[in-house]
Amino acid sequence: MPVPPTEGSLPASTVRALQACAEKHAGRLGRHAYEIDFQVELTDNQVSKVRPKGPRLDDAGLERCMLDALRTMADAGYTPNPDELISRGGLLPARGLLANVSVISQLIRLAPLIVSASGVTIVVGVAVLVVAAAVSLKDAADEDAEKERCKKVKQGCIEFCADTTLHQGMHEPHFTRCLRACMEKANCP
């Protein structure tokens with residue numbers, strides 16, 4: 001399964017916060033090297049969810065501190081280009097207008113960050129799932145474009161679910177549930 005290319009990096013304030021977490025808690029870790037991955041979901045330019053993926057750290061306090069640092073992460077330009085939203089119909093309309101709302105999602109894998117303290121090195125991987133609402137004012141004539149959008153969404157969902165279920169040793173039913181939920185979230189059948 002292809003992995004999304006690395007795009008961008010964490011904002012400097014988030015890097016400082018993660019380093020501060022390591023400096024505060026790393027002395028309690030049992031090994032000298034760790035890797036931890038997080039998925040950050042951005043909705044409406046705000047962090048809506050953060051969760052660890054894969055192997056966890058030995059210290060819950062350090063992990064909580066890192067989760068908190070990522071929850072306050074700034075958007076850093078990860079949201080879709082406004083031109084992309086307009087090509088799909090535009091931003092959310094003022095009250096009273098009728099339109100079809102769709103969700104655009106994109107998975108962005110950031111460059112890994114290395115933090116160290118007390119002789120411990122931690123490689124922090126972050127994947128940002130960007131979820132943005134767009135409005136379609138178009139009619140059924142644009143059905144082919146919608147099918148193509150859902151095809152792209154499905155490919156992104158397959159990659160996301162394979163990474164979060166199959167690569168973590170979970171069985172096929174978990175993958176199917178994940179794929180269905182991801183597709184529904186993007187309003188794709």
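Trainee: Which cysteine does a disulfide join to Cys-21?

Mentor: Good place to start: this is a predicted model, where local features need pLDDT of at least 70, side-chain atom pairs count only at pLDDT 80 or more, and totals for chains, interfaces and linings use all residues. Residues are numbered from 1 along each chain as its sequence is written, and side-chain values use heavy atoms, with hydrogens and water left out. A disulfide here is a pair of cysteine sulfur atoms within 2.5 Å. At S to S 2.0 Å, the partner of Cys-21 is Cys-65.

Trainee: Why is the disulfide of Cys-21 and Cys-65 called left-handed?

Mentor: Look at the torsion about the S-S bond of Cys-21 and Cys-65: the disulfide is left-handed because that angle is about -80°.
The pair links distant parts of the chain, 44 residues apart, with Cys-21 in helix H1 (residues 12-25) and Cys-65 in helix H2 (residues 60-71); helices (H or I, at least four residues) are DSSP runs, numbered from the N terminus. The torsion you asked about is about -80°.

Trainee: Is Cys-150 buried or exposed?

Mentor: Buried means under 20% relative accessible area, exposed over 50%, partly exposed in between (1.4 Å probe, protein chains only). Cys-150 forms a disulfide with Cys-188, S to S 2.2 Å. Cys-188 is buried, and Cys-150 is also buried.

Trainee: How many residues apart are Cys-157 and Cys-182?

Mentor: Their sulfur atoms are 2.0 Å apart in a disulfide. This pair links distant parts of the chain, Cys-157 in helix H4 and Cys-182 in helix H5, and the separation is 25 residues.

Note on methods
Helix = DSSP H or I, 4+ residues; strand = E, 2+ residues; numbered from the N terminus.
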